[in-house]
Amino acid sequence: MSVTAQTQPSRQVAGALRSQLVAAIGESGVITDPGELRTYECDGLTGYRTIPAMVVLPRSTQEVAAAVTLCAQHGVPFVARGAGTGLSGGALPVSDGIVIGLSRMREVIGIDPGNARMTVQPGVTNAGISVLASPYGLYFAPDPSSQIVCTVGGNVAENSGGAHCPKYGFTSNHVLAVTFVTPDGSIVHLGGDNADSIGPDLLGVIVGSEGTMGIVTEVTVRLLQRPESVRTLVADFASVEQAGHAVGDLVAAGVIPAAVEMLDNLAIQACEEATGAGFSRDAAAALVVELDGFDTECETDFDTARRVCDSNGATHIRVPESADERALIWKGRKAAFAAMGRISPDYFVQDGVIPRSKLGPVLTQIAEMADEAGLRVANVFHAGDGNLHPLVLYDARHEGEADEAEHLATAIVELCVRTGGSISGEHGIGADKACSMMKMFTPDDLAVMKRVRQAFDPDGICNPGKIFPTPRLCGELPGPYRPHPLEAAGVIGRG
């Protein structure tokens, strides 16, 4: 909790900064109205909220650089923000800083179908890239569930993945180059037209750095040829353990699926309520398995996938009969997070990773942890690469339930580490999981990471308070925002 009067920049600094930002970006690109600022107080992790001192909405690399330069001159922290769909608090503002919103930067700078690449500003949506590439028989492979609204700049910041990671990898595998504004306002270009650039892999440092080292203002992405054939099936199972074993057996059989998604019964119920995609409501778990490639390869692997599902006790296998039916299946899967409102007023979503071979035992342990906490956990996730997305369901109207839910969510991702996995697969660390970093990395590990960050941002003004555990952050009480008694009485405001 922060007190507005104590955390906002001095009137003199704020006034001078605003005037200079208006001169650089224009009156319509600078927001200071308290009501309008609330639009930017959080990302998709709504339990953490902070109102920024100011928001700027640039339209070009030069305007971003101008805003960052002014922040550096005044010592004012800044946070870059895309569409706000992040789920780790990565775009959470700081109360004495500004948000640099990139939503107006939606230009397509160039399409080069001959070399299968496209250069765009960061506000172009993930799905929008594939739409633009479609006339050339090309598409952008990373496909997070929020791809209709999430932006490529946010994908780069979080190294987003999606359902088709098992075969095609993450955003980092599909970014060739970026234009990047450093925390002192310099404009640099990283990467190039070739897949392998000369020198240290600074592009690899930036992708997935969660906006803590600067702001990406242009992205050149690699495009892929549409596959010749796509085959999809939905297999129902009587237990999540059986479904988990089927995933491991599929990979062990030499099949490299384009996607393998798992939904447990709670997730199935929510998705069916929202979309009517045709999932079996009585199944304990369902696998969505998709294979793509050349026709002969697809048919052979599809037969193997059916055989593996049958041998692991599949109770029913559904094969869509048309492209529309296949699209409806994916609509149901990708609507899962939003659909949770059908079965619970509130939820925490986490993002741990485990070895595929541990799917069955870990899902069983999560169910036991949920029972012990007296809460429900819905599981819908990228089973093909072991990227869990447990959704801890709760009702914030019940005293203490939000705290218990967050405690369980944290315990689940830390279980992933103990199982040989990671605390994040694609959502990032942000503000949400910073304290859990100590469960995965040694103090020496973290010190090296901080040195890299400080090399880019020695003054610590670029998205401060994210990724790394700090005494202030980890010493505070966990859980969603709690109003201070003075705030509840209307004596103070929250910045």
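A residue is called buried when its relative accessible area is under 20%, exposed when it is over 50%, and partly exposed in between, as computed with a 1.4 Å probe on protein chains only. The structure described here is a predicted model, in which local features need pLDDT of at least 70 and side-chain atom pairs count only at pLDDT 80 or more, whereas totals for chains, interfaces and linings use all residues. Residues are numbered from 1 along each chain as its sequence is written, and side-chain values use heavy atoms, with hydrogens and water left out.

Salt bridges are considered before the other features, a salt bridge being a side-chain nitrogen of Lys or Arg within 4 Å of a carboxyl oxygen of Asp or Glu. A search of the whole structure finds 13 of them. In one of these, Arg49 is joined to Glu41, and the closest N and O atoms are 2.8 Å apart. Glu41 counts as buried, because its relative accessibility is 7%, whereas Arg49, with a relative accessible area of 32%, is partly exposed. Both residues also belong to a network of salt bridges in which Arg38, Glu41 and Arg49 are linked.

A further salt bridge brings together the side chains of Lys334 and Asp143, at 3.3 Å from N to O. This pair links distant parts of the chain, 191 residues apart, since Lys334 belongs to helix H12 (residues 323-334) and Asp143 to the loop between strand S7 (138-139) and helix H6 (152-158). Helices and strands are here DSSP runs, numbered from the N terminus, with helices (H or I) of at least four residues and strands (E) of at least two. Lys334 is partly exposed, with a relative accessible area of 22%, while Asp143 counts as buried at 8% relative accessibility. In the salt bridge between the side chains of Glu273 and Arg281, the N to O distance is 3.5 Å; Glu273 counts as partly exposed at 44% relative accessibility, and Arg281 counts as partly exposed at 37%.

Nonpolar residues were examined next. In soluble globular proteins, nonpolar side chains tend to be buried together. A nonpolar core is a set of buried Ala, Val, Leu, Ile, Met, Phe, Trp, Tyr and Cys residues joined through side-chain atoms within 4.5 Å. The largest such core has 44 residues, and those with the most contacts inside it are Leu233, Phe237, Met262, Leu287, Leu388, Val392 and Leu408. Helix H15 (residues 401-418) gives the most to this core, with seven residues. Apart from this core lies another, of 25 residues, among them Leu87, Ala259, Ile268 and Val380. When neighbours within four places in sequence are left aside, Leu408 is in contact (heavy atoms within 4.5 Å) with Met369, Ala370, Ala373, Leu375, Val377 and Val392.

Thr419 lies in the loop between H15 and helix H16 (437-440). This residue is buried, because its relative accessible area is 14%. The side chain of Thr419 reaches the backbone oxygen of Leu415 at 2.7 Å, and, if residues up to four places away in sequence are not counted, Thr419 touches Ile354, Pro355, Lys358 and Val362.

The cysteines were searched for disulfides, a disulfide being a pair of cysteine sulfur atoms within 2.5 Å, and zero were found in the whole structure. Cys165 is in no disulfide, the nearest cysteine sulfur being that of Cys150, 12 Å away, and Cys165 counts as buried at 7% relative accessibility. For Cys462, the closest cysteine sulfur is in Cys71, at 9.9 Å, and therefore too far for a bond; Cys462 counts as buried at 1% relative accessibility.

Finally, four strands form an open sheet in the order S1-S2-S4-S3, with mixed pairing, where two strands pair if DSSP finds at least two bridges between them. Strand S1 (30-31) and S3 are the edge strands, each of which pairs on one side only. Strand S2 (residues 54-56) pairs with S4 in the parallel sense over three bridges, and Val56 stands opposite Ile100 in S4. Strand S3 (residues 78-81) runs parallel to S4 and is joined to it by four bridges, with Gly101 in S4 as the bridge partner of Arg81. In a regular strand the side chains alternate between the two faces of the sheet. From strand S4 (residues 98-101), Ile98 and Ile100 point one way, Val99 and Gly101 point the other way, and all are buried.

Note on methods
A polar contact is a pair of N or O atoms within 3.5 Å; within protein, one must be able to donate a hydrogen and the other to accept it, and residues adjacent in sequence count only if both atoms are side-chain atoms.
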